[in-house]
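Hello,

Here is the structure we talked about. Please look it over, then read my notes on the charged pairs and the surface below.

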Amino acid sequence: MVTVDPRSGAPSRARRLSAVVRSAFTAALLLAASLVALPVGPAAADGTAVPALTSVVGPAATLKPGEIAQTRFTLSAPAQRVRFVYANEEGNAGYSLEWTGTPTGSGALEAVASGTVQDHHWSGAYTLHSVIIEFRDGQATVWIYRNGETDVFGVPGVTEVAPIVLEPGDYSVDNPDRILADHVSPPTPTLVNQYEPHFPYLKAEMGAWPPYTLFNYTWLRDGVPIESRSGNTYAFEPSRDAGAMISVQVTARTPGYREVVVTSAGFGPMPRPVSAPQIRIAGTPAAGKDLYPDFASQEPVTVTPAGGEAVYSYIWKRDGVVVPGAATARYTVAPEDRLHTLSVEVTISFGPSASTTRSAQRVVPAVHRSQGFDLDGNADVFARTAAGELMLYPGDGRGGWLAPRVIGTGWNAFDAVLAPGSFDNSSSGDVIARDAAGRLLLYAGNGRGGWEMPYFNGDGRVNTQIGQGWDIFDTIVPAGDFNGDGTNDLLARTRAGDLVLYPGDDGVGFLPPRTVGWGWRGLDQILAPGDVNGDGANDVLARDASGTLRLYAGDGKGGFAPGTGTAIGWGWSGMKRIGTAGDFDADGKPDVFGIDDAGRLTMYYGNGASGWKGAATIGWGWGGFTAVF
């Protein structure tokens, strides 16, 4: 009789295939396969023949409830039970015709599987979904599927038998009391990307269907089914999907309705993933200087699959707003950028659906000392004579000098003098000095190589006290914008060797200080030229007792990056004084000078990558100065 077969023990593979069993494409493949000479019923290791289905013929006439459905078949070898599993037009593959017996001999088996058409059977076509052959007293089975695949279970060394076309086993039922309805204009699936465009994760949205509708999903790549992809979501597979159109074919089964297949529109072309390292903004963040994006590592730029040339495009923004006309790799910092955040977005494209974007940002600090005390855009050097005269040696931007001049007298009263750039957040550079009482005094520049005049201290100099008790430090270093907040900062070393950061407060004072280093006592020269390694953060250099110059890389947040203290120079013990004016040759990379015992001033030109591109002696007679900064 015809029974409802829950197939609780059926392999999941058979259940998966139920969505596509009736396609004309599959039938054509099976017909072609049947013309190929294949072993019909292979033998087990013990010589037992494995039965294969060699012929099948279903009922010839349309059947009504109460009539007997008979399917005739032939096996290549004996078996004890054969079930022919059918699917109706509702998509329910749970109806079967069955034969059982105990054949004798070892030859082919001809038999008839039968069952009665029941009153509850739906009217319509019944397609032969699969055939299950049990042999060896139920210890072994052969599964034959409508799509041409076969499986053998329970027979060591045997996994398949010859396929056979199952369509001749189909039949139909005429039951006027059980007519399936048709879906009218069923919704088409919509594919929604739930992740970022360059790495899609698709979900099939099914829309409104009648209650209890079940869906079976077959994902397609350029119209071809993708194996092992089911469910209503699809994760992008770059090596296979790049450039392809992805769609989904959904088989909808609703109780009381004919099974219907709906297919989404294609999504794509799917992207070709582009891999690129992160970027940083290099260059000098000062008015008139250039900034440019640079890769943060040596990782290559690639596209998968490979093909095409990379095209770069750029968008510069100030505080998140696009700067009009700023669409090239280099951006010239404008005066209005000071104390604002500049960012750049770099899009790397290998063609349609093959691009990625990297971004970086950098605060343009208060005037950097590389802009010069006279704000001509060229780094300058200060020098104090034994008589206390403060000399300005303006740089010419080409590694040389303009004419020097005296810009102050009486400066021998100070035991420390330094040039921090702008410390009062004005548009001009300043000078900071410490007197014998430990007071820290700010001398504000006027941007023309002289001094602002709002305050007089009685001796012709202009100053503002910005600190006291600074005599506990044996070294004070102008660190530029060391913590990345846009204001210039100071680093100071205690006599115990602690390194303390004093962040500028966007005025003429400091935010709360904090210790950022210990054990610095063994370093006799400390300076902060700027971004020495090209990662966008200001760094510190220091000379140890052996004459080795070491790089302590800043992290851009007021501390140091891991693995700091890398040696970048040797033999620096021959220098009486080491200092920096920032970017002296105007190439966007900070430089360092050294003065030897003979009074020669040699400029060491940085390469922006923790090293040097060359050196040149650019001054003589500098040994008589009591301070050079």
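This is a predicted model: local features need pLDDT of at least 70, side-chain atom pairs count only at pLDDT 80 or more; totals for chains, interfaces and linings use all residues.

Next, a buried pair. Arg 253 and Glu 259 form a salt bridge, and their closest N and O atoms are 2.7 Å apart. Glu 259 has 18% relative accessibility, so Glu 259 counts as buried. Arg 253 comes out at 16% and is therefore buried as well. The cut-off for buried is under 20%.

Asp 396 meets Arg 398 in a salt bridge, at 3.5 Å from N to O. Is Asp 396 buried or exposed? Asp 396 is buried, because its relative accessibility is 15%. Arg 398 is exposed, with a relative accessible area of 68%.

Salt bridges also form a network. Arg 81, Glu 98 and Glu 134 are linked in this way. Across the whole structure, the search finds 23 salt bridges.

Finally, the nonpolar surface. Tyr 195, Phe 199 and Tyr 201 make a nonpolar patch of about 310 Å². Phe 199 sits in the loop that runs between β11 (190-193) and β12 (201-205). With 34% relative accessibility, Phe 199 counts as partly exposed.

Best wishes

Conventions: Residues are numbered from 1 along each chain as its sequence is written. Side-chain values use heavy atoms; hydrogens and water are left out. Patches are made of residues with over 30% relative accessible area and no salt bridge: like charges are joined within 9 Å, nonpolar side chains (Val, Leu, Ile, Met, Phe, Trp, Tyr) within 5 Å. Accessible areas come from the Shrake-Rupley method with a 1.4 Å probe; for residues, only the protein chains shown count as cover. A salt bridge is a side-chain nitrogen of Lys or Arg within 4 Å of a carboxyl oxygen of Asp or Glu. Helices (H or I, at least four residues) and strands (E, at least two) are DSSP runs, numbered from the N terminus. Buried means under 20% relative accessible area, exposed over 50%, partly exposed in between (1.4 Å probe, protein chains only).
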